[in-house]
Structures are given as structure tokens and as C-alpha cells.
Amino acid sequence: MRRFDGAILLCVTAILMAGLAAISWQTVRSAEAILLPALEQKADTVARSLSSLVAEAVDYGIPLDRMVRADEVLKDAIAENGDFAYIAVDDKSGRTLAFAAADAYADIRGEDDAAMRTVTAPIERNGQTIAVVVVGTPDEVARTVVRELWLDVAVLLVVALLVALELITFAFSIPSAVMMRGLAQRLDALRRGDFRPHLPLAGSGPLADEVTAVDTAIARTREDHRLLREEAMERGDEAALEELDRLAARHQLEVARHEPPVSLVAVRAPVFLFYLAEEMTRPFLPSYIESMARPIAGLSVEFVIALPIILFMALVAFLQPSLNGWTERIGRARSLRGGAVIALFGYLGTAGATDMSQLILCRAITAIGFATVFVSAQGFIVDRTGAESRARGIGLFVSAIMAAMLCGPPIGGIVADRLGVSAAFVMSAAMALIAYLCALVALQRDPKRTTPPARAVRMSDVMAVLRQPVLFLLLIGCALPSKMILIGVCFYFLPLDLAADGFQPAVIGRVLMLYGLAMLILVPMISRVSDERSKRVPYVVFGGVLSGLAVAHLFLWPQPWGGALMVLQIGLAQGISTTPQSALVGELGRLHLPELSEGGIYGVFRLIERTGTAVGPAMVALIWGAASGEAAVVAMGVLLVVGALLFGLASTGLGERTAAAGAGK
Amino acid sequence: MGKLSLTLLVVLFPLLAASLALGAYLNYASVRNSYIEMVGTRMQTVARRVASDAQVALSMGMPLAGQNALERLLTREAAADPMIRSVDVVAADGTVLFSSDPVRRGTREQESDPMAERRMASIVSAFDTTEGLVVTRASRPALDAALARAGGGILTVAVAALSLAALAIAIVVVLAVRGLTRRLTDRAATAAGEEVPAEMVPVIAEIDEAHAAIRSRWAASRPPATGS
């Protein structure tokens, strides 16, 4: 590979993958060595327990072949141990004296014993074996254990690999690596004959000198071309102009480069690590709050549990508009670091909280830090990208968040299972600290701003947008409930429901990670295919309906599969609708409210979306307290389906008009 | 360029170690959870079975403290599984009424016991009142010994993977930077006299030559028109 930075990145990734794969392989081997004997031990324990029981009866003088209701005792043992196919008591000659089997294995004995692992325990009298208890476990049970083990290890491999890739990306955001990548990018572009100018890279040393030399050569060639073209025009030399145009087209001598700066990647690691800190708390936060919840007059227990989540989301939603200007004044990099430190104290406080009021206060502090980091990171990108490269810059930010959404819940769940919830919050604090350090090392100082700061969203903007029926239905019917179902059902109701069913945080974490997985895979794909404007409305409607229908899984399948399928379907549905929905907001805004700036329309959109994250858990908790959890989940699903269908009806024929609006833009 | 290699390696090594350590930890913790869950289910089954027998006796009017026959059952259940430390029947006030371990009889049940992994089942009367608990205690040292074997295997592979990966990454970085150095030290001058990496020269020369050809065409003809 000619691009040496890419070669290093690829090789390091391959080496890491090989290392992680070796660890996974050894994990399966080690696990098989203890789990399969443990499975056999279960059968052995039951066989030995039953053999002692029968031996005791024989000691009382009951002959083996006269024992009454022995089959029933065996049947009870089968009912208690779902893994067993059958249990039998055989005498010395092999004659079966008592027998019970699971329904699927009623005729198993003598027919298909080869597909069984059998454990026998002798029934002894006076030191002589007079009979045996035989417990048969289907081979399929062991195969299922191994299959689940591989699935577990594969999930962890993906998670560890994603974290590793994010960390490697960070390694390439330190100044000398940025310089190296910048140089590689330049040489690679020149090799392709691409003479578009690159964004300048600040630094010193031989690499920086090389970058300057290359940039100077490119600038000189372009300037030469410009002067020559001017002269050709002065001379009216059509042939020369034609030749120069051909040359310019081939080598892109007259166009600018619309790529986000190489240094932008530096924001990715702090954002990933910071979001990882918060996402790690998803599997156990609702149960942790529940453990401290005390009744408050006039509020249901469910609402009390939801309070810290509602407060967190509300603070994040409503602080963001004012934080934009504030972080701009203080400096994005500095604000990001400040936000990480605030959240660090919030996590530490949450870990040590002893009652509900402390917990609420600490979660509020975390929310302030969270909102500050979010706004600062987004602002860092916006400040360093132009209109043409902003989408790619924001894509960098969004993909880091999605990767954190995928990795955070399983890691947090495992840590909470292994070390306890308080330790998991301390680990979140550690992640916030590492995010701070990454930001300190890698984030450049903020450039002087030459344009006035964008104004915050006003109430009048919100009213103007919501007065348009189509925009109202898009924002209130689709965007708002999609966030409500995500936070209210997936991140509030489901962890509580699964914990009540006895599932550990590690299992809950693996269920919740499916949302991040679906989004990470689907969003980039849908971004490409939904660009055809006429398709956007169907994508939004389909995504909304699919998301609303996802709640049915909770009623169709046993947990955790019902929850897992619901989260996966919501992830897929929102992966389908998120990008087209965001694009539609801009297009409908231009069509219906040409006087309102695009920034203003998107400000209203984000505000309403974030409001949904606070309203969701509040609404679920209210209905849950007043009726039942099932009613709350169904209400969320119905709200989404109805909202999406109403928007679909209101948008009939919108494709052509938005296309026109898009073309106008 | 040596400094660049060193900087990259100084940053990459800790990240590599952190990534592999995270992978090893997550895998070990997952195996540990599966194993403890499996043993716990076994202990829970034993506890439920004993609780069920005690409930039958309760329903016949025999108070829990008077169910002396449970003693034999507890001994039998404990003997059936080498992992079990004790199976206890605990009264509602926390006193151990019967135990497979005679020493524990009459003692107070400890909720946290560093030597045991506990699983419980309630003994509920026909009137739905909890009369006591059956507590099965698995030996923590035995559990830890089994997990230590699994953990040891994962740790060994993780350390070996880390060493090999560190070596491989060092080779990759050194070779890549050496390649870069070679490319950068192989220099040539453009037509304008700029010293740039030689690989850039042909593409710059292509444009320079095209420009020069136009200029020479103009030089061979007449000077530019200066307007009317």
C-alpha cells in the first residue's frame, strides 16, 4: 500500500484482531473445560441425591421393585432440571424399575441413547451395588452451552475490537501522527494528479517542513496556472484556454478541497470515551435508582424511579441551546475538557450516593457535564468545517457516539455484575477522566472566530415551525415519539423489567447494545440510498411504523429474547428513518418557512427531539404507575405508529415539492 | 524520523496493552459469570427441593423446628455435590435450625460470607407466611480454583498475544517510517527549482511542461494584445 499511514493503521488493526481472536479462542477452550464438567456435575448431583434417597428406602426394608410413587419423585426431578432428558432407576440386570422423561424424550430409552450423555450413581446396600440411578442429558444441551459461549465471545470480540479501533484512531490524532497523515494525504493526492490545496497544518520539524514544501509546490503550480489562464484570456487564445481547461479538469487546478481537516479526528476519541462512560450505565442505572427510591407523596414508585432519568434528559435538552454560545466564548476544547471534569465528579458522586436526593443531585451534575461535552464537541467540528465538509465532520462525531452505544452497555453490564454498580460508576468516572486526558493531548486550541455566533433557538422559532402542519407532524408525530420510545421503553422500562425477571446487568447490557449495532450498520447505508428525495417520506413513515410495532415482541417472546428483538427492531427502524428525517426537516423548512434560517429550523428539530428523551420516561412512568408497564409500552408503540401514519398521510405528494425545494437550494 | 517511530510506539503500546487487557478481562468476566450462574442454578435447585419437602411437612402441621428428618436430607444433598459447603435450614429469625454441617447448627446465618456463594429458597406455609429459608452454600475456594484455571489460561494467552503484538507493531512502525524516510530523502527539483520528494516531480513536471509549451508557443508568435 502506498499510503503509509493507512498501511500502519491496517497492520496495527490486523495485529490487534489477531491478538483478540487468540484471547477469544483461549476463552472458549478454558470455558469448555469448566462449564461442560459443571453441566455434568449437575446431573451427577441429582443422580447421587436420588441414589441416596433410594438406598435409604431400601435400608427401611422396602424392596427395590416394590417402591411406590418412585416415578413421581423422578418426574419432580425432571421438572426441576429442564436440561435432563430422563432419569431412571435400573437394577443390576439392567431392568428399569422406575423411569421419568421430559415430554420430548418420552420414548428415549433404548432408542437414542447414543445422543445422550449419561451419568450413573450406584445405589448401595452393605457395600454392594444393588441398582443404579441413570440421568440422561441430551448432547444438544452441551452443544447449546458451547454455541452460546461462542456467541458471547463473538459479541465481546466485536466490542473489544471497536474499542481498540477507537483507541488506535486516537493514536493517530497526536500532533506528529496528524502531520504524518497530512503528508501521506498530500503525496497520495498528488500521485492521483489531484492539485486541490490542503488545509494548512501547524507544526515544526522535518515532517512539517516537508508538508510546507509540498503545499508550496502545489500553491506555486496552481498560481502559475491561474496567471497563465489570465494571460490566455488576455491574448484571446482559445486553443490555449481549451488546453488549460483540460489540464485544470485533469488535475483539479481550479477547485477547492472540501474535506474535513485531518486534525478533526482528534475529537473522536474524547467523544467516544465520554459517551462510553454514560452508555456503560444503561443496563443498571434504572435498577440502581430503584434500590434507593423511596415513596414520595403524590408520585407513583415508577415515577420516582424515572425522576433522575427525566431530570438528566431534561437538563441535557434544555441546556444545549444556551451552552452553544457559552462554549464558543470559553473555547470548544476547553469547554469539552471542563464538561468531562464536571461529569467525572457526577459519576463519582453517583457511585457514593446513599439516598435518592444525593443520587438526583449527582445525576444532575453529570447531565451538565454531558450537555457541555456534547455541545463543545459538536461546536469543535462545526467551527472547523465548511458547509461542504460539515456532514462528513458530523458523521465522524455521530459514528463515535454509535460505537459507544454499541460498546458501552455490554461492558458496563459485565463490570456491574463482576464488581458491583458503584464500581461501574467509578469506571465511568475513569472513562470521563481518560476522555479529558485525550482532549488535553489531542485537541487543538480554538481558532479566532471571525463570524458572529449563531443565536440560540427562540420560542418564536418553535411556534413558527410547529404552525406548519407537515412540520408539526414530522417533529411531534415522528421525531418526538422516536426518542420517547428509545429512552422511555428501551433505556428505562426494559432494564427494570429484565432485572425484575432476574436477569443480570451483563445480559441487559447485551440486549441494549443491539440498538447501537443496528444503528451503526444501517445509518451509513440508508444515508446513501435515501438521498433520492422522493424516498425520504416513505423511509420516515416505514421507520416510525416499524419502531412502534417493535413493542409487540415483548408480548410474543419470553425474555430476554422479546426485549432483544424489540431493541434490535427499534434500532433498525430508527436507522432507517433517522437520516431521511433529518434531511426532510431542512427541505420542508425551506419549502414552508423560507424566511427562517436552516440553522434555526434544525435548532427547533433538535430541541423537540431532545425533549422526547425527557418526556419518554416521564410518560412511561406515569402510565406504568396508573395502569401497568405493558399499557405504557403499548401506548408508546401506538403513539409512534399513529404519528408516522398521520405524517405519511399529510405528506402525500410531498416528494416532488421537496425535490423542488432541494433543487432550489 | 526515529523520533516519529518512538512517538508512535510510545502511544501505540499502552493502547495495545489496554485493548488486549480489556478483551481478556471482558472474556474472563463473561466465563466467570456463566460458571457461577451454572453452579448457582445447581445450588438453587437443591435449595428449592429441600424447601419443597419442608413445605409439604409444614402443610401437614409439622412446625419447621420439629422437622428433624430434614437433617438426613440435608446431609444427603450436601454429600451429592462436592462443591457444596453446607445446606442449611434457617428459621425466620436467622438461626440455623438444621444443617448438613453439624458445626453450623444453632448459629446465626451470615448474609455475607467470603468463603461461600449462597443460593436460597424460601419455605412458605399454606398461609403464605415465610417460615424460613433453605440456604445452599457453595465453596468459594472451590469455585475460585476452577475459575483460576480458566483465568490463568486466558491470562497466559493475553500476555503472549501482547508480547507478539508489541513486537509485530514495532516492526510495522519501524518499517513504515523507514519507508517514509526513504521516500522523503529521495528528492528532486521541479522546473521551478523547488526541492520536493522525487515521486511528486513527474506529476508537477507534466503540468509545468504543459504550461511551458503554451508559453513557448506564445513566445514564438506575437506579444499579447493590449486592447483596441
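## A guided look at chains A and B

Guide: In this predicted model, A:Gln252 is partly exposed, with a relative accessible area of 28%.

Visitor: Where in chain A does A:Gln252 lie, and what is its phi near?

Guide: A:Gln252 belongs to the loop that runs between helix 6 (238-251) and helix 7 (268-279) of chain A. Although A:Gln252 is a residue other than glycine, its phi has a positive value, near 50 degrees.

Visitor: Is B:Asp128 buried or exposed?

Guide: B:Asp128 sits in the loop between strand 3 (116-124) and strand 4 (130-139) of chain B, and its phi is positive, about 70 degrees, although it is not a glycine. A residue counts as exposed when its relative accessible area is over 50%. The relative accessible area of B:Asp128 is 67%, so B:Asp128 is exposed.

Visitor: Which kind of peptide bond joins A:Gln559 and A:Pro560?

Guide: A:Pro560 is found in a loop of chain A, between helix 18 (553-556) and helix 19. For the peptide bond that joins A:Gln559 and A:Pro560, omega is about 5 degrees, and the bond is cis.

Visitor: How many residues apart along the chain are A:Ala583 and A:Met179?

Guide: A:Ala583 lies in helix 19 of chain A, which covers residues 561-592, and, when residues up to four places away in sequence are not counted, it touches A:Arg536 and A:Tyr602. The C-alpha atoms of A:Ala583 and A:Met179 are separated by 35 Å, and along the chain the two residues are apart by 404 residues.

Visitor: Which residue of chain B does A:Ser24 touch?

Guide: A:Ser24 is part of helix 1 (residues 4-59) of chain A, and it is buried, because its relative accessible area of 5% falls under the 20% cut-off. Leaving aside residues up to four places away in sequence, A:Ser24 touches A:Val153 and A:Leu157 in chain A, and in chain B it touches B:Asn27.

Visitor: Is A:Thr372 buried or exposed?

Guide: A:Thr372 has its place in helix 11 (residues 356-384) of chain A. Beyond residues up to four places away in sequence, A:Thr372 touches A:Leu323, A:Trp326, A:Thr327, A:Ser335 and A:Gly339. Its relative accessible area is 3%, so A:Thr372 is buried.

Visitor: Which residues of chain A does B:Ile169 touch?

Guide: B:Ile169 is placed in helix 3 (residues 140-185) of chain B and is buried, with a relative accessible area of 1%. Although B:Ile169 and B:Leu9 are 160 residues apart in sequence, their C-alpha atoms are 7.9 Å apart in space. Not counting residues up to four places away in sequence, B:Ile169 touches B:Leu9, B:Leu12 and B:Leu16 in chain B, and in chain A it touches A:Val12 and A:Ile15.

Visitor: What annotation covers residues 154-177 of chain B?

Guide: The span of residues 154-177 in chain B is 100% helix and 0% strand, and its end C-alpha atoms lie 33 Å apart. The annotation comes from an unreviewed UniProt entry, and for these residues it reads "transmembrane region".

Visitor: What is the radius of gyration of chain B?

Guide: Chain B has four helices and six strands, which run α-α-β-β-β-β-α-β-β-α from the N terminus on. For 228 residues the globule rule gives 17 Å, and the value for chain B is well over this, so the chain is more spread out than a compact globule. Along the principal axes, the C-alpha atoms of chain B fill a box of roughly 125 × 45 × 25 Å. The radius of gyration of chain B is 39 Å.

Visitor: What percentage of the residues of chain A count as buried?

Guide: The secondary structure of chain A comes to 22 helices and four strands, and its C-alpha atoms fill a box of roughly 120 × 60 × 50 Å along the principal axes. Among the contacts in chain A between residues at least 6 apart in sequence, 77% join residues at least 24 apart. Chain A has 665 residues, and the part that counts as buried is 55%.

Visitor: How far apart are the mean positions of the positive and negative charges of chain B?

Guide: The accessible surface of chain B comes to about 10700 Å², with 63% of it belonging to carbon and sulfur atoms. Chain B carries 23 positive and 22 negative charges, and the distance between their mean positions is 4 Å.

Conventions:
Residues are numbered from 1 along each chain as its sequence is written. Chains are lettered from A and ligands numbered from 1 in the order in which they are written. This is a predicted model: local features need pLDDT of at least 70, side-chain atom pairs count only at pLDDT 80 or more; totals for chains, interfaces and linings use all residues. Side-chain values use heavy atoms; hydrogens and water are left out. Helices (H or I, at least four residues) and strands (E, at least two) are DSSP runs, numbered from the N terminus. The radius of gyration is taken over C-alpha atoms; the globule rule is 2.2 Å times the number of residues to the power 0.38. Accessible areas come from the Shrake-Rupley method with a 1.4 Å probe; for residues, only the protein chains shown count as cover. Lys and Arg count as positive and Asp and Glu as negative; His and the chain ends are not counted. The place of a charge is taken as NZ of Lys, CZ of Arg, CG of Asp or CD of Glu. UniProt positions are given in the numbering used here, feature names are shortened, and annotations may be inferred rather than shown by experiment. Buried means under 20% relative accessible area, exposed over 50%, partly exposed in between (1.4 Å probe, protein chains only). Contact means heavy atoms within 4.5 Å.
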